[in-house]
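Student: I have a model open and want to learn how to read it. Can we go through it feature by feature?

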Amino acid sequence: VVVLHVDASHPAKEWPTEHWMELARHLQQRGVGMVVTHAPGAALAHAALLAQPEHPDNMRFLPAMPLRSLLALVADCDAIVSVDGGVMHCAVALEVPTLALFGPTDASIWFPYEEFGPYRVLHLGSVESESQPNLQQAGCLQAILVEQVVRTLEVLLQRRPPSEGSATR
């Protein structure tokens with residue numbers, strides 16, 4: 001089971017809905033279950049994904065939940081794909097294989113985890129502007145290809161035995 005944490009604190013930090021849907025189709029073909037989560041107060045990407053006409057049968061959408069419950073779910077999954085945010089950092093702290101999708105923020109500062117375990121970041125090198133943090137280079141996140149995410153996630157999933165926890169229920 002893979003958690004897809006799709007919402008961010010700013011739209012410039014969100015991966016496009018069509019990319020999430022394409023990733024979901026890839027995961028469905030591989031028999032990987034998906035749980036789509038979001039933080040309270042940040043549900044634009046979650047709502048856009050939920051509004052898509054067809055979802056894979058093995059894709060569950062969860063409502064916003066208290067942080068303790070969300071982190072229990074994350075701790076029990078096989079991996080997480082997340083945009084830049086607090087849940088992504090918590091997943092690393094919980095030692096869950098984590099694939100972070102970074103857009104306008106500097107991943108070398110905000111994602112220093114890759115050398116410590118099954119944690120990877122996809123980032124095309126753009127950094128935030130001092131005068132307009134998180135706003136200037138929103139397009140860089142859109143340029144992260146689904147194929148890159150699929151390849152990186154497959155490597156992460158090979159590093160962890162399948163879970164038997166509540167995330168699958």
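**Salt bridges**

Tutor: Start with a charged pair. The side chains of Asp 84 and Lys 13 meet in a salt bridge, 3.3 Å from N to O. Keep in mind that this is a predicted model.

Student: Where in the chain do Asp 84 and Lys 13 sit?

Tutor: In two loops. Asp 84 is in the loop between β4 and α4, and Lys 13 is in the loop between β1 and α1. The pair links distant parts of the chain, 71 residues apart.

Student: Are Asp 84 and Lys 13 buried or exposed?

Tutor: Both Asp 84 and Lys 13 are buried.

Student: How many salt bridges does the structure hold?

Tutor: It holds 2. Glu 154 forms a salt bridge with Arg 30, and the closest N and O atoms are 2.5 Å apart. Glu 154 lies in helix α7 (residues 146–158) and Arg 30 in the loop between α1 and β2, so the pair ties together parts that are 124 residues apart in sequence.

Student: How do I read accessibility for Glu 154 and Arg 30?

Tutor: Look at relative accessible area. Under 20% is buried, over 50% is exposed, and partly exposed is in between. Glu 154 has 30%, so Glu 154 is partly exposed. Arg 30 has 44% and is partly exposed as well.

**The chain as a whole**

Student: What pattern does the chain follow?

Tutor: Along the sequence it reads β-α-β-α-β-α-β-α-β-α-β-α-α. There are 7 helices and 6 strands. Of the 169 residues, 49% count as buried.

Student: What share of the contacts joins residues at least 24 apart?

Tutor: Take contacts between residues at least 6 apart in sequence. Of these, 62% join residues at least 24 apart. As for the surface, the accessible area of the chain comes to about 8,300 Å², with 53% belonging to carbon and sulfur atoms.

**Helix faces**

Student: Why do residues three or four places apart in a helix point the same way?

Tutor: An α-helix has 3.6 residues a turn, so residues at that spacing point the same way. Now take helix α3 (residues 67–75). Its buried residues are Leu 70, Leu 71, Leu 73 and Val 74. Seen down the axis of α3, they fall within an arc of 155°, so they line one face of the helix.

Student: What do the buried residues of α3 pack against?

Tutor: They pack against β1 (2–5), β2 (34–37), β4 (79–83) and α4 (86–93).

Student: Which residues of α4 are buried?

Tutor: Val 87, Met 88, Ala 91 and Val 92. Down the axis of α4 these fall within an arc of 145°, so they line one face of the helix. The partners of the α4 buried residues are β1, α3, β4, β5 (98–101), α5 (107–110) and β6 (119–122). Just after α4, check the backbone: Glu 95 takes a positive phi of about 65°.

Student: And how does His 19 look, buried or exposed?

Tutor: His 19 is in helix α1 (residues 17–29). Its relative accessibility is 16%, so His 19 counts as buried. Leaving aside neighbours within four places in sequence, His 19 is in contact with Gln 142, Ile 144 and Val 146.

**A covered strand**

Student: How do I tell whether a strand is enclosed?

Tutor: Check both faces. In β4, 5 of the 5 residues are buried, so β4 is largely enclosed by the rest of the structure. Ala 79, Val 81 and Val 83 are on one side, and Ile 80 and Ser 82 are on the other.

Student: In what sense do β1 and β4 pair?

Tutor: Parallel, over 4 bridges. Val 3 stands opposite Ile 80 in β4. β4 and β5 also pair in the parallel sense over 4 bridges. There, Ile 80 stands opposite Thr 98 in β5.

**Aromatic pairs**

Student: How many aromatic pairs does a search of the whole structure find?

Tutor: It finds 3. Trp 15 and Trp 20 have ring centres 5.0 Å apart and planes at 85°, so the pair is edge-to-face. Trp 15 is buried, with a relative accessible area of 2%. Trp 20 is buried too, at 1%. Phe 111 and Tyr 113 also form an edge-to-face pair, 4.9 Å centre to centre with 85° between the planes.

Student: Which residues do ring pairs link into a cluster?

Tutor: Phe 102, Phe 111 and Tyr 113. Of these, Phe 111 counts as buried, at 4% relative accessibility.

Conventions
Residues are numbered from 1 along each chain as its sequence is written. This is a predicted model: local features need pLDDT of at least 70, side-chain atom pairs count only at pLDDT 80 or more; totals for chains, interfaces and linings use all residues. Side-chain values use heavy atoms; hydrogens and water are left out. Buried means under 20% relative accessible area, exposed over 50%, partly exposed in between (1.4 Å probe, protein chains only). The arc is that of the directions from the helix axis to the C-beta atoms. Contact means heavy atoms within 4.5 Å. Accessible areas come from the Shrake-Rupley method with a 1.4 Å probe; for residues, only the protein chains shown count as cover. A salt bridge is a side-chain nitrogen of Lys or Arg within 4 Å of a carboxyl oxygen of Asp or Glu. Rings of Phe, Tyr and Trp (its six-membered ring) pair if their centres lie within 6.5 Å; planes under 30 degrees apart count as stacked, over 60 as edge-to-face and the rest as tilted. Two strands pair if DSSP finds at least two bridges between them.
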